Amino acid sequence: MKREICAAALLLLLIAASLLSLNHVENLTDELLLLLSQSESALEKQNNELALEYWSKAFELWENSYSYTHIFIRHQEIDSTAEDFYSLKETILQGEAKSAAAAYGQLSYRLECIALMEKPSLGSVF
Amino acid sequence: MAIVIVRTLIVYLTLLVIMRLMGKRQLGEMELSEFIVAALIADMAAHPLQDIGIPMINGLVPVLVLFCCEVLISGLSMKSIALRSLLFGRPSILIEKGRIRQNELRKNRFTLDELMQQLRNQSVTDISQVEYAILETDGRLNVLLYPDKQPMSPSVLGISLPCGAYPVLVINNGRVLGQNLRLMGKNERWLASELKKRGCTSARSVFCMSLDREGRIYFAPMEDK
C-alpha cells in the first residue's frame, strides 16, 4: 500500500509542478508581451530610444529566464525566439514603425504560442 | 557529444531505478498493462537522447507518469477482482477434459497450429494425452496431462524420500557471505576448518561453496586465470 500511496503522491506532485510551470510561463509571456506592446507604442510615436529601452527590458527578461526556458521549452523554440528578438531590434533601430509592426507581431505570436503549447487543451493535446 | 553522454547516463540510471521499483513482475512474464508500460518507457526515455534540442524533462516526466500509473493500476488490481479481470482478462480453457474448445480458440485467435506448437514446447506431442490446456492472461499455455499420462513420481510408486534441503551459497567468487553462513548456523571458524579439509587456506581461492541444512557441501575451487 505504501508504494501505491507514494505513486499517487508523485503523480499529484507532477501535476502540481506542471500547473506551476504553466502559471510561470503565462506570467512570463504576459510580461514580455506588455513590454513589447509598450515598445511598439513608443516606436509609433517616433520615440526610438524608448522603444529600444522597452525592447532591452523584454530581452533581458527573456535572457534571465534562461534556466526555466532551457529546461522546459524546446531549444528550437528558444533559438527562434532569440532570432525574432534580434530581427525586431534591427527594425527598431531603422526607426520605421510600419515595417516594425510585422516584427512585433511575429515575436508576440511566437511568445503566445510558447504559452499556448504548455496549456492543456484539445488543440495542444491532439 | 558530452551532453549526449550525460543524458544517456541520466536516462539509464532513471530507468534502472524505475524498473527496480516496479518489481520482479516486470522482468518476468508480463500482463498487458505491464507490457505497454515497458514498451512505452523505453521509447519515451530515448527521445531526449536522439535530439539534444528536446528538453530532458520531456523524456523523464512521461517515464515517471507511466511508473505512477503502473504502480497504481497494479496495486488496485490486487485489491479488486473485477478490475483485474477488466484489465488483464481471464484465463481461457482451450482443452477441457480432452476436448478442444474450438469456440475458445476462435475467441483468442489461437490457431490449431499454434496450439500444437505450444504443446510441443512443453514436450507434449500427443494431444489426446492432454486433459486441460489453459491459456493464461500473460499468453502462456499451461498444460495438465491425464493422470495416467503424467510422469511418475516417488509418491505414486509408494517410495518415500527424505525431504530436500535448500542449499545456500556461503562463498561466492572468493567472498564469504557472512549472513548466509549465520543463517545455516555456522561461523567463520567452521568455514576455515572446512576449507582446510579441502586444501584451501583462504576463501579467496574458492569460486563457489554452498551448504544445506543436511550439512551437504558443494565446493568448487577457483580456476587459474
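Are Phe59(A) and Phe85(A) buried or exposed? Both Phe59(A) and Phe85(A) are buried, where buried stands for under 20% relative accessible area, exposed for over 50%, and partly exposed for values in between (1.4 Å probe, protein chains only). The model is predicted, so that local features need pLDDT of at least 70 and side-chain atom pairs count only at pLDDT 80 or more, while totals for chains, interfaces and linings use all residues. Residues are numbered from 1 along each chain as its sequence is written, chains are lettered from A and ligands numbered from 1 in the order in which they are written, and side-chain values use heavy atoms, with hydrogens and water left out.

Phe59(A) and Phe85(A) form an edge-to-face aromatic pair, with 5.3 Å from centre to centre and 65 degrees between the planes. Rings of Phe, Tyr and Trp (its six-membered ring) pair if their centres lie within 6.5 Å, and planes under 30 degrees apart count as stacked, over 60 as edge-to-face and the rest as tilted. Phe59(A) belongs to helix 2 of chain A and Phe85(A) to helix 4 of chain A, so the pair ties together parts 26 residues apart in sequence. Helices are DSSP runs (H or I, at least four residues), numbered from the N terminus.

The rings of Trp62(A) and Phe85(A) form a tilted pair, because their centres are 6.3 Å apart and their planes stand at 35 degrees. Trp62(A) lies in helix 2 of chain A, 23 residues apart from Phe85(A) in helix 4 of chain A. Both Trp62(A) and Phe85(A) are buried. One aromatic cluster is formed by Trp55(A), Phe59(A), Trp62(A), Phe85(A) and Tyr86(A). Over all chains, the structure holds seven aromatic pairs.

The axes of helix 2 (residues 48-64) and helix 4 (residues 75-94) of chain A come within 10 Å and cross at roughly 170 degrees. Axes are lines fitted to C-alpha atoms, for helices over the stretch in contact, and angles run from 0 to 180 degrees between N-to-C directions. Helix 2 and helix 4 of chain A are therefore roughly antiparallel, a term for angles over 145 degrees.

Helix 1 (residues 2-44) and helix 5 (residues 97-118) of chain A pack at an angle of about 175 degrees, with their axes 9 Å apart. Helix 1 of chain A is thus roughly antiparallel to helix 5 of chain A. Their contact (heavy atoms within 4.5 Å) includes Leu22(A) and Leu36(A) of helix 1 and Tyr104(A) and Leu111(A) of helix 5.

How values were computed
Helix = DSSP H or I, 4+ residues; strand = E, 2+ residues; numbered from the N terminus. Parallel < 35°, antiparallel > 145°, perpendicular 65-115°, else oblique.
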